[in-house]
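Please open the model before reading on. My comments go from the whole chain down to single residues.

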Amino acid sequence: MPPSTSLIALAEHWFHEKGWQPFPFQKEVWQHYLEGYSGLLNAPTGSGKTYALWIPCLLEFIQNHPDDYQERQKNSLQVIWVTPLKALAKDIRLAMEQATEEMGISWKIAVRSGDTLSSERQKQLRQMPECLVTTPESLHLLFTQKNHRRLCKNLRCVVVDEWHELLGTKRGVQMELALAHLKQIRPDMRIWGISATIGNLDQARDVLLGPAHTKPATIIKAQTEKRLDIQTILPDQVEKFPWAGHMGLKLIDSILPIINRSKTTLLFTNTRAQTEIWYQTLLYKEPDLAGQMAMHHGSLDNQVRTWVEEALHQGILKLVVCTSSLDLGVDFRPVETVIQVGSPKGISRLVQRAGRSGHQPGAVSTLYFLPTNSLELIESAAIQEAIRQKIFESRTPLENSLDVLVQFLVTLAVGEGFREKDAFQEVTSTFAFRQLSQQEWQWALQFITTGGASLGQYDEFSKVIQEEGVFKVTDRRTAMRHRLSMGTIVSDPVLQVKFVSGGYIGTVEESFIARLHKGDNFWFAGRNLKLERIKDMTVLVTRARGKNGIIPRWSGGRLPLSRPLAAMIRYKLQQFSRGEYDEKEMKAVAPLLQLQQEWSALPDSRHFLIEKLRSSEGYHLFMYPLAGRNMHELLSALVAWRISRIQPISFSMAMNDYGFELLSDQEIPLEEALELDLFSTDQLVEDVLQSVNSTEMAKRKFREIAAIAGLIFQGYPGKNIGNKHLQASAQILYEVFQEYDPDNLLLHQALDEALYQQVASSTLQRLLEDIQHQEILIRNPPKPTPFAFPMMVDRLREKLSSETVEDRIMKMQWQLEEYAANGEF
């Protein structure tokens, strides 16, 4: 009998004592781990995935220390468990400690994150725990310690939790570099990732392990499918001319009974601003929720968020209104129900949020989908169809993110230093930098040592020196500023919000506060606040009387429509065209779709729809690629520029996830443009560069890249540098590079991220090829159609105040409803 068999029996015994039965996938992971495998575990939320990988770490220790595993000794660091969210760390540690203590193993588990006290971090450096639960950023900070190699010399395994959340981001690249560095210290360590279901699991495993990985590796999929109960809340009447966000709050009476009969409910919105709005509205409609309801989003004070999470654990709260800040696997067992307000714009995102309820093996996850406009009923049906067909989004890994590379090299130099040959081998062993050229590598070394061709005269950019072949940082100020600037998450500068009398509330973006004047009221953290003054990057407020106040807006509010979901929406529209539908969502939205067919057509899988319309505003073109707002922004600019080459013409543009509008004061030569191959992929990159303000787009990206690369210092704790100063610094650097160092690779990266990645990665090219294979339908509707109306509304919203636009839209909507009812077409 193999030794692993008796070890697994020990784990099974512990499970049985808890009244549990290990799942086959858990036992499969245990077996593979003990046989020396690395790999990726694909398991749904609440299925027991933490114990799938934690238990074999303990079993291996028992195997190596059969006589003294119960005695406390200095075992050194054995396991690093990486989580993308600090909020997850506490739950993970508690689950680990339960198993460790009850199995009688003398291990200590500790958390090391941005919230860990300095005294605790120093204690860890003197005597490392056997397991360290940390984040990618805190792991890189550990590398800045002069003795980090000694601390990690006995490392047995690194587990990357929620790997799908990191993949395709610069934090993912950061994680790849960390794993490569740890493998260089401890070549025989195992690497395991835990991932939800995504469309490219094989690639996710390969990126995690790196192209140089030659040892046994596997993917283990949990066969215990999570049972989902997704129900759509239907409006009493579906508006035939919808507009974004209009319908959501009208359905609030429909969700109050759901909240009342559930022990605990999470209500997800897609933005922090919507969280504030829904919190206020629910409290107004149901005053009894006071004291039983809270909100949770990333701008609230960390102590408030921690209290909310603790209260969820204890079952104290009946309702929490939240954003993606509660998306990931925190174990809130009292949560029975999830409500999703508005389309999540992605299949995986909805499954992830549904998994917050029934967060234990075998339990059913219940989610209510609350549409905020009529078209989202189609999206609900499409998401449910995708889940049935097991279609999920892929995460495309990033490559050659040089800003992350130079930050990593300075991190190593702050720590124990590095030698060029060793570091190059380490870096190119990652998927992200496997094709890094010697020219790019030499540029990176020159950049960290001299600041590059244009910044060599400024000492602050010459961070790293070379002594006896070792690249190192010797200046203490440089080292401190680097530690304070590490990370790849760059957001708009924020201001702290505090009461004049004392008490921290949270943070708001500087761009929002800049629009306010002394005495203005604004809603934040569920309170109506009055702006008193701004002092030292702090917004001082008092409680305001009354209910009038504006809601802060944070950047990054709109979620992009995923490609698989867009394809499924087209599929549902095609089914509707053939009369093949029986979902309650499609039946409810049928009057809208039938009117769209009568006045125009449906943009389904086989047809590309273009609508031509003349109104008092001018000449309209509506096109429906169903490719998401971001891609429509690029495609609309390309189409407008190609048409303008036929005749001089200017356009106003609007777009949403379904299509885009071009509006001009002169007739648009559409037919001639189509004859000249309007949607051609020839000279695509050149045409896109001509059609958009690529320089301005690159400038916006450059600020983020410059911050990650360490060109811009954003300030000391509590003394952040203002947004205007940061923008000015980034712009000056961009212009200096353009004039004196045009070959600077960070300039090229800025343009690549702003533009080329969407074009060169074939996203836009594939879209144009899809259009070329579809039948183009040109329709001349008598009035704006149900699919066109939301885009016109978005354009009006950009021009008019919220009060004015509401009245204007309601009038337009009423006129179109009357027109449709009278059959005047």
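The numbered points below concern this predicted model.

1. Make-up. Look for 32 helices and 28 strands. Of the 825 residues, 57% count as buried. Take contacts between residues at least 6 apart in sequence: 74% of them join residues at least 24 apart.

2. Nonpolar side chains tend to be buried together in soluble globular proteins. Here the largest nonpolar core has 81 residues. Helix 16 (residues 402–414) gives the most to this core, with 10 residues. A second, separate core has 53 residues, including F369 and F576.

3. Inside the largest core. Which residues have the most contacts there? They are W163, L182 and L711.

4. Helix 2. This helix spans residues 24–34, and its buried residues are F25, Q26, V29, W30, H32, Y33 and L34. G36 follows helix 2 and has a positive phi, near 95°.

5. D687. Is D687 buried or exposed? D687 counts as buried because its relative accessibility is 5%, and buried means under 20%. D687 sits in helix 26 (residues 684–691). Leaving out residues up to four places away in sequence, D687 touches L638, W641, R642, R645 and D682.

Methods
Residues numbered from 1 in each chain as written. Predicted model: local features only at pLDDT ≥ 70, side-chain atom pairs only at ≥ 80, totals over all residues. Heavy atoms only, no water. Buried < 20%, exposed > 50% of the residue type's maximum accessible area, 1.4 Å probe, protein only. Helix = DSSP H or I, 4+ residues; strand = E, 2+ residues; numbered from the N terminus. Core = buried A, V, L, I, M, F, W, Y, C linked by side-chain atoms within 4.5 Å. Contact = heavy atoms within 4.5 Å.
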